[in-house]
Amino acid sequence: MLRHLDPDTYAEIGMLLVTDNGLPVDDLNELEWIRGEVFANRYLTDLIARIDPDTGEVIAWIDLTGLLDPNPPGAGVLNGIAWDDAGERLFVTGKKWPNLFEIELVDCPELRLFGDGFESGATIRWSAAGP
C-alpha cells in the first residue's frame with residue numbers, strides 16, 4: 001500500500017494498493033521516486049519493486065541477490081535506495097552494510113518468482129558499476 005500524505009500536515013490524503021498480477025504486495029519500504037516510477041524495497045528480501053504510481057501495478061522486480069555476498073557478520077538487510085538525478089546513477093545499500101553500491105539495471109530473460117506470490121515475468125538483475 002502506498003499512502004499519499006499532505007506535505008504540510010502529514011495527514012493521509014490517499015492510498016494506492018500495490019499489486020503484482022492482481023495480488024497485493026506487502027512489506028514495502030525505502031521508497032524512491034525515479035524517472036516517474038516508485039522504487040520500493042520489499043523488506044527482508046533482496047528485491048526492489050518498480051511500481052507504476054498511477055495504477056500501483058509492479059512493472060518489474062529488480063533482483064539484487066548476491067550483491068553483498070557473502071553477507072558479512074552483523075550486516076542487515078537490503079534497505080537503501082538512492083537516485084542521483086544529475087548523474088543518472090542508482091545506488092543501493094543495506095542496514096549496517098560496509099558498502100554503498102552503484103548499480104546499473106540490465107534486462108534479463110523472464111524469471112518467475114514462485115513461492116512468494118510474485119508471478120510477474122518482468123525481472124531485472126543488477127550489474128555492478130564499480131567496487
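## Ground rules

A residue is called buried here when its relative accessible area is under 20%, exposed when it is over 50%, and partly exposed in between, using a 1.4 Å probe and protein chains only. By that definition Thr 19, at 12% relative accessibility, counts as buried.

Please keep in mind that this is a predicted model: local features need pLDDT of at least 70, side-chain atom pairs count only at pLDDT 80 or more, and totals for chains, interfaces and linings use all residues. Residues are numbered from 1 along each chain as its sequence is written, and side-chain values use heavy atoms, with hydrogens and water left out.

## The chain as a whole

Let's start with the overall picture. The chain has 12 strands and zero helices; both kinds of element are DSSP runs numbered from the N terminus, with helices being H or I runs of at least four residues and strands being E runs of at least two. Of its 131 residues, 36% count as buried.

The accessible surface of the chain is about 7600 Å², and carbon and sulfur atoms make up 52% of that; such areas come from the Shrake-Rupley method with a 1.4 Å probe, and for residues only the protein chains shown count as cover. Contacts are defined by heavy atoms within 4.5 Å. Among contacts with a separation of 6 or more, 40% involve residues 24 or more positions apart.

Strand E6 covers residues 37-42, and six of its six residues are buried. In a regular strand the side chains alternate between the two faces of the sheet. In E6 both faces are covered: one carries Glu 37, Phe 39 and Asn 41, the other Val 38, Ala 40 and Arg 42.

Two strands pair if DSSP finds at least two bridges between them. E5 (residues 28-34) is antiparallel to E6 and joined to it by six bridges, with Leu 31 standing opposite Ala 40. Two residues separate the strands of this hairpin, where Arg 35 takes a positive phi near 50°. On to the next partner: E7 (residues 47-51) also runs antiparallel to E6, through four bridges, and Ile 51 is the bridge partner of Val 38. The hairpin of E6 and E7 has four residues between the strands, and Leu 44 there takes a positive phi near 70°.

## A buried arginine

Arg 42 lies in E6 and counts as buried because its relative accessible area is 9%. What does the side chain of Arg 42 make a polar contact with? Its partner is the side chain of Asp 26, at 2.9 Å. A polar contact is a pair of N or O atoms within 3.5 Å; within protein, one must be able to donate a hydrogen and the other to accept it, and residues adjacent in sequence count only if both atoms are side-chain atoms.

## Other residues to look at

Thr 19 lies in strand E3 (residues 19-20). Not counting residues up to four places away in sequence, Thr 19 touches Pro 24, Val 25, Gly 56, Glu 57 and Val 58.

Leu 64 sits in the loop between strand E8 (58-63) and strand E9 (78-84). With a relative accessible area of 3%, Leu 64 is buried. Its C-alpha atom is separated by 7.8 Å from that of Ile 48, 16 residues apart along the chain.

Leu 17, in the loop between strand E2 (12-16) and E3, is partly exposed at 43% relative accessibility.
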